[in-house]
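Subject: Structure handover

Hello,

Please find the structure below, followed by notes on what was found in it.

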Amino acid sequence: MPQNTRKIEAGIETDFSDKMSYGSYLALDTLLSAQQPVSSHHDEMLFIIQHQTSELWLKLMLHELRAVRIQLAADNLRPAMKGVARIKHIQRSLTEQWSILATLTPSEYAQFRGDLGSASGFQSYQYRAVEFMLGNKNAGMLKVFEANPPARAMLAEILRQTSIYDEFLALLLRRGLAIPPELLKRDLTKAHVFNPAVVDAVRVVYEQPDEYWDLYEACEELVDLEDNFQLWRFRHVATVKRIIGMKAGTGGSSGVGFLQRALDLTFFPELYAVRTQIGT
């Protein structure tokens with residue numbers, strides 16, 4: 001009679017007493033013991049894992065954004081866009097995760113929400129670091145992390161650095177496009193502000209794609225990146241509204257209203273504004 005069992009091949013390692021194993025390489029003992037519910041409610045595990053996995057993806061996104069910034073500064077546009085392509089896939093995974101959290105009903109969340117105290121996703125320093133690296137700088141956010149000196153120091157460092165958009169605009173200038181030089185000498189701790197001259201420069205790229213194909217493609221890759229970010233923000237708002245309605249956030253924000261206002265923020269305003277100019 002056939003057996004529904006697969007035999008272990010003779011060459012497969014089974015003794016890891018003095019060898020690196022899958023678990024030790026990934027530090028699974030540490031990783032899988034990091035879920036420490038503060039209530040006895042069944043659904044808190046979902047809430048914890050949702051946010052912990054999001055933080056892991058944000059860590060990888062930061063890793064890739066740092067590399068993209070370096071490649072842009074070195075005029076290595078193709079490797080930079082390869083990094084952006086990977087980031088776009090990370091963003092899709094982050095966005096899809098909201099559908100899992102959305103299975104948490106209002107009554108289920110209410111069973112342990114009070115145990116969260118003032119903990120809130122607003123306090124994610126990796127999320128703020130991603131925003132800073134994309135160009136949405138806000139020095140006022142540093143005070144949220146005063147009680148976490150390493151996180152504050154990391155954010156303060158990124159705040160003083162060029163964003164990937166700063167580096168992209170610098171690359172456009174080096175390629176002969178009319179980016180105002182003074183724009184690249186601005187206070188890097190502040191968010192980029194819309195500049196009509198940048199729209200004019202980008203319009204040249206869009207109207208002469210054969211001459212500027214790599215830049216043309218890069219502009220669209222960056223627009224994809226921002227579109228994905230906005231979709232993530234929207235799914236965040238929709239999920240929060242579905243679970244807690246219009247209640248205030250655990251961290252003291254107004255909740256849905258506060259999150260909705262983030263939808264008005266943009267990283268690459270000229271890449272959107274140029275669309276109004278094309279064909280006119």
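Pro181 is partly exposed, with a relative accessible area of 45%; here buried means under 20% relative accessible area, exposed over 50%, and partly exposed in between (1.4 Å probe, protein chains only). Pro181 sits in the loop between helix H8 (164-174) and helix H9 (196-207). Helices (H or I, at least four residues) and strands (E, at least two) are DSSP runs, numbered from the N terminus. Between the C-alpha atoms of Pro181 and Ala170, which are 11 residues apart along the chain, the separation is 8.3 Å.

This is a predicted model, in which local features need pLDDT of at least 70 and side-chain atom pairs count only at pLDDT 80 or more, while totals for chains, interfaces and linings use all residues. Residues are numbered from 1 along each chain as its sequence is written, and side-chain values use heavy atoms, with hydrogens and water left out.

Whole chain

The protein chain has 12 helices and zero strands. From the N terminus on, its elements therefore read α-α-α-α-α-α-α-α-α-α-α-α, given that helices and strands are taken as DSSP runs. Along the principal axes, the C-alpha trace spans about 70 × 55 × 40 Å. Of the 280 residues in the protein chain, 40% are buried. The accessible surface comes to about 16,100 Å², and 56% of it belongs to carbon and sulfur atoms. Accessible areas come from the Shrake-Rupley method with a 1.4 Å probe; for residues, only the protein chains shown count as cover. Contact means heavy atoms within 4.5 Å. Among contacts between residues at least 6 apart in sequence, 71% join residues at least 24 apart.

Helix pairs

Two packed helices are described by the angle between their axes and the distance between the axes. Axes are lines fitted to C-alpha atoms, for helices over the stretch in contact, and angles run from 0 to 180 degrees between N-to-C directions.

Helix H3 (residues 44-73) packs with helix H4 (residues 77-101) at an angle of about 170°, and their axes are 9 Å apart. That makes H3 roughly antiparallel to H4, because angles over 145 degrees count as roughly antiparallel (under 35 is roughly parallel, 65 to 115 roughly perpendicular and the rest oblique). H3 and H4 cross in a left-handed sense. A crossing is left-handed if the near helix is turned anticlockwise from the far one by less than a right angle, and right-handed if clockwise. By class, the contact of H3 with H4 has 20 nonpolar, nine polar and two charged residues. Ala, Val, Leu, Ile, Met, Phe, Trp, Tyr, Cys and Pro count as nonpolar, Asp, Glu, Lys and Arg as charged, and the others, Gly among them, as polar.

For helix H6 (residues 125-134) and H10, the axes come within 13 Å and cross at roughly 150°. This crossing of H6 and H10 is also described as left-handed. On the H6 side the residues are Tyr127, Val130, Glu131 and Leu134, which meet Leu225, Phe229, Trp232 and Arg233 in H10. By class, the contact of H6 with H10 has six nonpolar, no polar and two charged residues.

Two residues of H10

Asn228 is placed in helix H10 (residues 213-244) and is buried, at a relative accessible area of 16%. Leaving aside neighbours within four places in sequence, Asn228 is in contact with Lys88, Gln91, Arg92 and Thr95. Thr239 is also in helix H10 and is buried, at a relative accessible area of 4%. With neighbours within four places in sequence again left aside, the contacts of Thr239 are Trp98, Leu101 and Ala102.

Backbone and loops

Ala27 has a phi near 50°, a positive value in a residue other than glycine. The residue lies in the loop between helix H1 (22-25) and helix H2 (28-31), and at 37% relative accessibility Ala27 counts as partly exposed. Asp75, not a glycine, has a positive phi of about 65°. Asp75 is in the loop between H3 and H4 and is partly exposed, with a relative accessible area of 43%.

One more position

Ala153 is in helix H7 (residues 149-160) and is partly exposed, with a relative accessible area of 44%. Ala153 and Leu142 are 11 residues apart in sequence, and 8.8 Å apart in space, C-alpha to C-alpha.

Regards
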